[in-house]
Amino acid sequence: MTNWTHIPILATEIADLILTRADGVYVDGTLGLGGHTKLFLSRLGPTARVFGFDKDEEALAIAKERVADARLTAVHASYTQVPEVLQKYGVTSADGALFDLGLSSYQLDNAARGFSLLRDGPLDMRFDLSATLTAEQIVNEWGLTDLEHILVDYGEERNAHAIAMAIMAARRTGRIDTTFKLKNIVENTVRGRGKIHPATQTFQALRITVNDELSSVEKVTGLLDKILNPGGRAAILTFHSLEDRLVKTRLKELVSSGGWKLVNKHVIVPSYEEVKQNSRARSAKLRVVEKL
Ligand SMILES: C[S@@+](CC[C@H](N)C(=O)[O-])C[C@H]1O[C@@H](n2cnc3c(N)ncnc32)[C@H](O)[C@@H]1O
């Protein structure tokens, strides 16, 4: 197995904030390569349990091997299914939960998964390889209006119309089936902002659409009410403004509905040192909420 890495972000801070009981039950809604869970288990007692969810079976296999701990139950399912899955295992509630949203370095760095602007690969972008919709289908089969719509809504792309038109034109000469083909089309159409590559927002829009990411994020606060014990805490890590605005709004609503408090008044961001060591931490924002 290739030695894939993903450095867990704000790991110590999250462990300090959500591990309130050494013998508790915890949910890692986005297990990834198991970085956060490994740290959690190193701090928890022998009867603690962690239920780790991921849509990505490849990541789950790596995480199981990495974490190698009988206290971890790795589940191939969306975190939106946490309540039903816990019930299946006879667990009624949890003491803490983590949702480290988006994609892992494993997925980004693996050209075969088709997420990266830097590596040529098939235009795939599925977290769950058993799902049917791929970025390739969207780019080659969706109409102009729908393409423009996702570029605006999920990419916040100012040049959505021009990019959608360029994709439609390029399609006439053959299928756009690789990351580099798409990257080149966007590069030849618009200029990037500052250091940001011009196709960054297009890739983000496709990834969010393929994995229906924002509708899952929408469901997080509803899930928390079902799964957390009083005193239980949930940490949510976001990586772009769309995700973060959504989480901030939903948490605000949860708190004003009563029975919840925000653990940190201000959003927590990685330190300068952490960003220096791991550039992927630079856009991370952490919010933690507690059930009273
Ligand atoms: C940022 S990574 C998590 C990294 C992990 N915390 C670690 O330290 O290795 C996000 C992971 O969440 C998974 N994911 C995204 N949306 C999901 C969902 N709705 N349900 C379950 N897993 C999801 C992705 O497949 C990816 O592996």
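Modeller: First, the classes: Ala, Val, Leu, Ile, Met, Phe, Trp, Tyr, Cys and Pro count as nonpolar, Asp, Glu, Lys and Arg as charged, and the others, Gly among them, as polar. Keep in mind that this is a predicted model.

Follow helix 2 next. Helix 1, residues 11-18, packs against helix 2, and their axes come within 10 Å. The crossing angle is roughly 50 degrees. Angles under 35 degrees count as roughly parallel and 65 to 115 as roughly perpendicular, so helix 1 and helix 2 are oblique to each other. Their crossing is right-handed. On the helix 1 side, the contact uses Ala11, Ile14 and Ala15. On the helix 2 side, it uses Gly35, His36, Leu39, Phe40 and Arg43. This contact has 5 nonpolar, 2 polar and 1 charged residues.

Next, look at Val67. This residue sits in helix 3, residues 57-67. Val67 has 22 C-beta neighbours inside 10 Å, so it counts as buried. The cut-off for that is 20 or more. Leaving out residues up to four places away in sequence, Val67 touches Gly34, Thr37, Lys38, Leu41 and Leu72. Take Leu41 from that list. Val67 and Leu41 are 26 residues apart in sequence, yet their C-alpha atoms are 8.7 Å apart in space.

Helix 11 covers residues 213-227 and helix 12 covers residues 241-256. Their axes come within 9 Å and cross at roughly 20 degrees. That angle makes helix 11 roughly parallel to helix 12. Helix 11 passes helix 12 in a right-handed crossing. Helix 11 brings Leu214, Val217, Glu218, Val220 and Thr221 to the contact. Helix 12 answers with Leu242, Glu243, Leu246, Val247, Arg250, Leu251 and Leu254. By class, the residues of this contact are 8 nonpolar, 3 charged and 1 polar.

Definitions and conventions: Residues are numbered from 1 along each chain as its sequence is written. This is a predicted model: local features need pLDDT of at least 70, side-chain atom pairs count only at pLDDT 80 or more; totals for chains, interfaces and linings use all residues. Axes are lines fitted to C-alpha atoms, for helices over the stretch in contact, and angles run from 0 to 180 degrees between N-to-C directions. Helices (H or I, at least four residues) and strands (E, at least two) are DSSP runs, numbered from the N terminus. Angles under 35 degrees count as roughly parallel, over 145 as roughly antiparallel, 65 to 115 as roughly perpendicular and the rest as oblique. A crossing is left-handed if the near helix is turned anticlockwise from the far one by less than a right angle, and right-handed if clockwise. Two residues are in contact if their C-beta atoms, placed from the backbone, lie within 7 Å. A residue is buried if 20 or more other C-beta atoms lie within 10 Å of its own, exposed if 12 or fewer, and partly exposed in between; C-beta atoms are placed from the backbone.
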